[in-house]
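I am opening these notes to keep a record of what I looked up, entry by entry.

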Amino acid sequence: MNSTTGEPRPRSESVLPTNRGARLLAVGGGKGGVGKTFVTVNLATSLARLGKRVVVVDVDLEGANLHTCLGVQTPQRSLADFVSEREEDLGKLVIDTPIPNLRLIGATHGNLADAQPSHLRRVRLLRGLRQLDADIVMLDLGAGSHASVLDYFLVSDDGILVLQPEPTSVENAYTFLRAAFYRRMRLAMVGHGVRQLVTLAMDQRNERGIRTPLDLLREIEAMDTEEARRFVETMRVFRPRVIVNGVRTAEDVKLGFAVSSVCKKYFGVEAEYLGYVNYDDEARRSVSMRRPIVDLRPDADVSIYLQRIARKLLGLPSASVAAHTESAARVEGRSNSRGGHR
Ligand SMILES: Nc1ncnc2c1ncn2[C@@H]1O[C@H](COP(=O)(O)OP(=O)(O)O)[C@@H](O)[C@H]1O
Ligand SMILES: [Mg+2]
């Protein structure tokens, strides 16, 4: 056990990526209501339509609603069965959805007392997810920066951060990234003293005056050059990706670049701006109709943006540059429609 955090030492049962089996994509964002579930459902549907065998997993045990957005009845079997150790085989919890190639491990509200799996259970879960019979496993994370949410984000091949162009969402996204960054660093450090230093740095008002990751790096360099090298390497491979959802103006579109440049300056981390999705009342309606918008209205701008992000995730070129340019012009044409409220 780790005496400072009460968690098992990471090296024995590591939660860090292993790059085997299905590709794991986690969609998080720190704040409820920014569109994590909406983005997950629609990216998963787009990926399935591109021929990938996809399983979406509702990891948001306290606010489970992924099944509803996919038009699936409240599942009888769910992730709650795995968390509470009633079922060991995750494969048995996978159910079909109306979308070909897309299956689901749902969550039910179940017993909220054990809504957050223990660290060890989480490690097992993450291993099991990679072993599912699928090309891509997508996790819809809950809100907040709880350790379990951070682990799902960190262990995935792609940790995708969804944010909205509003100050509270941006603030939450930074809080989430900061928590993820320090947790990742603590897992990467080997020496007890250095791990303690990382834990100390997580408190923004710590008495050692460590205010930024670069301050922390300087302190670590003074203690142990090998750990400092590991720190820099971890910085290099930590690559969160960003989606701005609910975009209405050209200004909103730029937010993704701003977040990405803050990540570089403050954390020394490359955060790729995957793309943006416009605000559309139809999107909200698609949720009421329990169908992904990319399925219901594949030609709507909002669907074109989502499909473009899905293609980018697979390293495919944009399907139709013309369609994208046209819809981008429509968003950008509205650039002054909110009358400079910021
Ligand atoms: N681009 C969008 N345009 C319009 N409404 C959206 C958009 N994205 C999400 N919504 C709506 O916002 C609400 C919250 O989205 P949801 O995906 O449940 O958020 P989260 O999972 O982050 O809590 C839903 O009603 C959804 O339909
Ligand atoms: Mg959600």
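Helices and strands in these notes are DSSP runs numbered from the N terminus, with at least four residues of H or I for a helix and at least two of E for a strand. The model is a predicted one, and on that count I find 14 helices and 8 strands in the protein chain.

**Entry: the chain as a whole.** I looked up burial over the 342 residues of the protein chain, and 46% of them count as buried. I then turned to contacts with a separation of 6 or more, and noted that residues 24 or more positions apart account for 72% of these in the protein chain.

Entry: In what order do the strands of the open sheet stand? I read the order as 3-4-2-5-1-6-7-8, for an open sheet of 8 strands with mixed pairing. Strand 3 (95–96) and strand 8 (272–278) are at the edges, and because each has a single partner strand, one side of each is left without a neighbour in the sheet.

I followed the pairing of strand 1 next. Strand 1 pairs with strand 5 (residues 136–140) in the parallel sense over 5 bridges, and there Arg23 stands opposite Ile136. With strand 6 (residues 158–163), strand 1 also pairs in the parallel sense, over 4 bridges, and Gly28 stands opposite Leu161 of strand 6. Leu161 in turn has Val242 in strand 7 as a bridge partner, and strand 6 and strand 7 run parallel, joined by 4 bridges.

Is strand 1 largely enclosed or largely open? I count strand 1 (residues 23–28) as largely enclosed by the rest of the structure, because 5 of its 6 residues are buried.

**Entry: helices against the sheet.** Helix 1 packs on the sheet, where I find it touching strand 1, strand 2 (54–58), strand 4 (102–105), strand 5, strand 6, strand 7 and strand 8, and its direction makes about 170° with that of strand 5. Helix 10 (residues 250–267) lies across strand 7 and strand 8, and runs at about 160° to strand 7.

I also looked at helix 5 (residues 147–155), which is largely enclosed by the rest of the structure because 8 of its 9 residues are buried. Among the buried residues of helix 5 I noted Asp151, Tyr152 and Phe153. What covers the buried residues of helix 5 includes strand 1, strand 5 and strand 6, together with helix 4 (119–130) and helix 6 (167–188).

**Entry: a helix pair.** How do the axes of helix 8 and helix 9 cross? For helix 8 (residues 213–223) and helix 9 (residues 225–237), the axes come within 6 Å and cross at roughly 150°. Angles over 145 degrees count as roughly antiparallel, so helix 8 is roughly antiparallel to helix 9. Leu217, Ile220, Glu221 and Met223 in helix 8 meet Thr225, Glu227, Ala228 and Phe231 in helix 9. By class, I have 5 nonpolar, 1 polar and 2 charged residues in this contact.

**Entry: ligand 1.** Which residues come nearest to ligand 1? Of the 16 residues around ligand 1, they are Gly35, Lys36, Thr37, Phe38 and Ala283. At least two residues of the shell come from each of helix 1 (36–49), strand 7 (241–247) and helix 11 (281–288). Sorted by class, the shell around ligand 1 has 7 nonpolar, 6 polar and 3 charged residues.

**Entry: Tyr305.** I placed Tyr305 in helix 13 (residues 301–313), and Tyr305 counts as buried because it has 24 C-beta neighbours inside 10 Å. Leaving aside neighbours within four places in sequence, Tyr305 is in contact with Gly275, Tyr276, Val277 and Asn278. For Val277, which is 28 residues away in sequence, the C-alpha to C-alpha distance to Tyr305 is 5.5 Å.

**Entry: positive phi.** Most residues other than glycine have a negative phi, so I checked for exceptions. Phi of Glu85 is near 65°; Glu85 is found in the loop between helix 3 (79–83) and strand 3, and is exposed, with 12 other C-beta atoms within 10 Å. Phi of Arg290 is near 60°; Arg290 lies in the loop between helix 11 and helix 12 (293–296), and is partly exposed, with 15 other C-beta atoms within 10 Å.

Note on methods:
Residues are numbered from 1 along each chain as its sequence is written. Chains are lettered from A and ligands numbered from 1 in the order in which they are written. This is a predicted model: local features need pLDDT of at least 70, side-chain atom pairs count only at pLDDT 80 or more; totals for chains, interfaces and linings use all residues. A residue is buried if 20 or more other C-beta atoms lie within 10 Å of its own, exposed if 12 or fewer, and partly exposed in between; C-beta atoms are placed from the backbone. Two residues are in contact if their C-beta atoms, placed from the backbone, lie within 7 Å. Axes are lines fitted to C-alpha atoms, for helices over the stretch in contact, and angles run from 0 to 180 degrees between N-to-C directions. Angles under 35 degrees count as roughly parallel, over 145 as roughly antiparallel, 65 to 115 as roughly perpendicular and the rest as oblique. Ala, Val, Leu, Ile, Met, Phe, Trp, Tyr, Cys and Pro count as nonpolar, Asp, Glu, Lys and Arg as charged, and the others, Gly among them, as polar. Two strands pair if DSSP finds at least two bridges between them. A residue is near a molecule or strand if its C-beta atom, placed from the backbone, lies within 6 Å of it.
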